[in-house]
Amino acid sequence: MGEILVVDDERDIRELISDILEDEGHTTRLAWDSDSAYSEINHAPPDLIILDIWLKDSKHDGIDILKTVKRNNPDIPVVIISGHGNIEIAVAAVKQGAYDFIEKPFNIDQLMVVISRALETSRLRRENTKLRTRDVSQAEMIGSSAALKGLKSQLEKVARGNGRVMLSGPSGSGKEVAARFLHSISDRSSGPFVTVNSASIEPDRMEDVLFGRSSGERGHEPGLFEQAHGGILFFDEVADMPLGTQSKILRVLVDQSFQRADGGDLVRVDVRVISATNQDLKGEIAAGRFREELYHRLNVVPVAVPSLDQRREDIPELARYFITDLNASQGLPLRALSAEADAQLQTMTWPGNVRQLRNNIERCLILGPESGEIKTEELQSDAGERDSDDVVAMIAMAYAGLPLREARETFEREYLIAQINRFGGNISKTANFVGMERSALHRKLKSLNVITTARSGSRIASADALDDAL
């Protein structure tokens with residue numbers, strides 16, 4: 001069943017059609033001239049329009065209305081009806097984009113068949129469009145750490161509403177994955193998910209890309225806001241958006257409508273906006289590079305995405321997921337990770353976060369053997385590959401100037417901090433791995449002035465700042 005707009009200047013005709021459609025389970029709205037028709041369409045686009053060609057005392061006739069509808073709302077099917085039907089009018093209507101032409105007085109059964117087919121065709125077209133714009137494969141959030149569970153819990157709460165969400169976190173931490181996850185569990189999951197990479201669009205083209213344009217040569221070109229109608233529009237790295245465009249987006253967020261570039265048509269949209277940034281937007285506001293009012297509009301629900309350093313427990317699971325995914329998508333070898341490689345991955349530094357981890361795994365699969373476990377020597381640290389002599393020399397330099405006891409304490413402190421962080425602050429797991437009783441480990445941590453603090457749902461170990469100052 002659908003919502004159908006009936007446009008006819010004869011009151012008896014439009015009410016008769018409305019009664020027939022409502023008896024069949026449809027809902028209807030009525031209009032009698034071009035002004036009332038445009039008003040109804042701008043208020044909320046219907047699923048189908050039944051349009052009379054000849055409209056008495058109307059600024060535009062049915063063909064003009066048809067042209068406007070097909071330019072601004074090309075997915076809405078239009079069925080033309082006319083009491084002055086002839087083959088020329090029918091051909092002209094179809095050429096302008098009408099789904100079909102029915103002559104008055106019409107047969108009710110014929111009208112219902114045409115309407116049913118038009119609605120089904122429109123539904124299939126919308127579904128195809130959604131399939132092209134959705135990418136559910138990137139909506140899965142991998143991991144079981146406390147930090148990730150906390151993030152998922154926040155997103156599940158946010159998904160129940162329709163408020164705008166601001167995702168913050170370092171580059172590569174998975175902000176777009178979080179946005180896609182939110183989309184997949186929200187009421188808009190059947191709608192499109194459209195991404196705007198603010199940094200990749202040239203400033204002088206931003207308005208055309210977002211709002212679309214109308215021209216005599218090309219006709220209607222929908223922008224990303226229109227493409228996201230009924231779904232989610234994701235602004236990646238929103239701080240990179242030009243100031244001029246920021247002010248225009250601000251108006252769209254307030255009114256849920258806009259005018260296309262080079263066109264006077266008002267377009268109404270139903271879009272939920274999610275934005276992401278790895279920058280300090282308050283600092284950008286102070287520097288005059290970001291509009292404060294836009295910040296408050298976008299930052300209705302702030303959600304922090306944890307860095308990989310805050311969810312080291314997830315690294316082995318993420319690495320295995322990437323191996324499976326790269327095998328399926330690129331045909332790379334399906335190899336296992338050795339226990340030593342697991343441990344090394346969890347203790348390495350990841351300034352590029354999840355993205356850097358994926359790149360590292362992909363490099364191992366491309367350059368490594370076709371089979372066998374991935375070994376520690378295949379893994380590349382952020383500083384790049386160093387030969388074993390370089391590593392030994394670095395260790396020697398770090399400890400050469402220390403007495404044995406102090407060197408041993410320094411090593412134990414750094415080793416235990418790395419292991420605790422590897423296990424997400426879980427002392428029981430750490431104690432089991434390092435081969436100590438839990439109580440003994442607690443005493444050792446106290447003697448080494450190692451403390452753990454809560455951060456993003458997990459616990460992070462570090463040397464006591466007071467001890468470092470001494």
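Helices (H or I, at least four residues) and strands (E, at least two) are DSSP runs, numbered from the N terminus. The model on screen is predicted: local features need pLDDT of at least 70, side-chain atom pairs count only at pLDDT 80 or more, and totals for chains, interfaces and linings use all residues. Residues are numbered from 1 along each chain as its sequence is written, and side-chain values use heavy atoms, with hydrogens and water left out.

**Stop 1: isoleucine 315**

Select isoleucine 315, in helix H13 (residues 315-330). Isoleucine 315 counts as buried because its relative accessibility is 0%. Buried means under 20% relative accessible area, exposed over 50%, partly exposed in between (1.4 Å probe, protein chains only).

Leaving aside residues up to four places away in sequence, isoleucine 315 touches Leu308, Leu345, Gln346, Trp350 and Leu357.

**Stop 2**

Next, display strands E7, E10, E13, E6 and E14. In that order they form an open sheet of five strands with parallel pairing. Two strands pair if DSSP finds at least two bridges between them. Strands of a sheet pair through backbone hydrogen bonds, either parallel or antiparallel.

Zoom in on strand E6 (residues 165-168). Four bridges join E6 to strand E13 (residues 272-277), and the two run parallel. Pick leucine 167: its bridge partner in E13 is alanine 276. Turn to the E14 side. Four bridges also join E6 to strand E14 (residues 301-304), again parallel. Here valine 165 has valine 301 as its bridge partner, and serine 168 has alanine 304.

**Stop 3**

Axes are lines fitted to C-alpha atoms, for helices over the stretch in contact, and angles run from 0 to 180 degrees between N-to-C directions.

Two packed helices are described by the angle between their axes and the distance between the axes. Show helix H6 (residues 146-159) with helix H7 (residues 175-185): their axes come within 9 Å and cross at roughly 45 degrees. H6 and H7 are therefore oblique to each other. Angles under 35 degrees count as roughly parallel, over 145 as roughly antiparallel, 65 to 115 as roughly perpendicular and the rest as oblique.

H6 passes H7 in a right-handed crossing. A crossing is left-handed if the near helix is turned anticlockwise from the far one by less than a right angle, and right-handed if clockwise.

Show the side chains at the contact. H6 supplies Lys152, Leu155, Glu156, Val158 and Ala159, while H7 supplies Ala178, Phe181, Leu182 and Ile185. By class, the contact of H6 with H7 has seven nonpolar, no polar and two charged residues. Ala, Val, Leu, Ile, Met, Phe, Trp, Tyr, Cys and Pro count as nonpolar, Asp, Glu, Lys and Arg as charged, and the others, Gly among them, as polar.

Now select serine 186, in the loop between H7 and E7. Is serine 186 buried or exposed? Serine 186 counts as buried, because its relative accessibility is 7%. Beyond residues up to four places away in sequence, serine 186 touches Ala159 and Ile232.

**Stop 4: the sheet with E3**

Display E2, E1, E3, E4 and E5. These five strands, in this order, form an open sheet with parallel pairing. Strand E2 (27-31) and strand E5 (100-103) stand at the edges with a single partner strand each, so one side of each is left without a neighbour in the sheet. The twist averages 20 degrees from one strand to the next.

Four bridges join E3 to strand E4 (residues 78-82), in parallel. Pick isoleucine 49; its bridge partner in E4 is valine 78.

Helix H1 (residues 11-23) lies across strand E1 (3-7), E2, E3 and E4, and runs at about 170 degrees to E2. H3 lies across E3 and E4, at about 160 degrees to E3.

**Stop 5: two positive phi values**

Select aspartate 57, in the loop between strand E3 (48-52) and helix H3 (62-72). Its phi is near 60 degrees, a positive value in a residue other than glycine. Aspartate 57 counts as exposed, because its relative accessibility is 70%.

Finish at glutamate 237, in the loop between strand E10 (232-236) and helix H10 (243-255). Phi of glutamate 237 is also positive, near 50 degrees. Glutamate 237 is buried, with a relative accessible area of 13%.

Notes:
Contact = heavy atoms within 4.5 Å.
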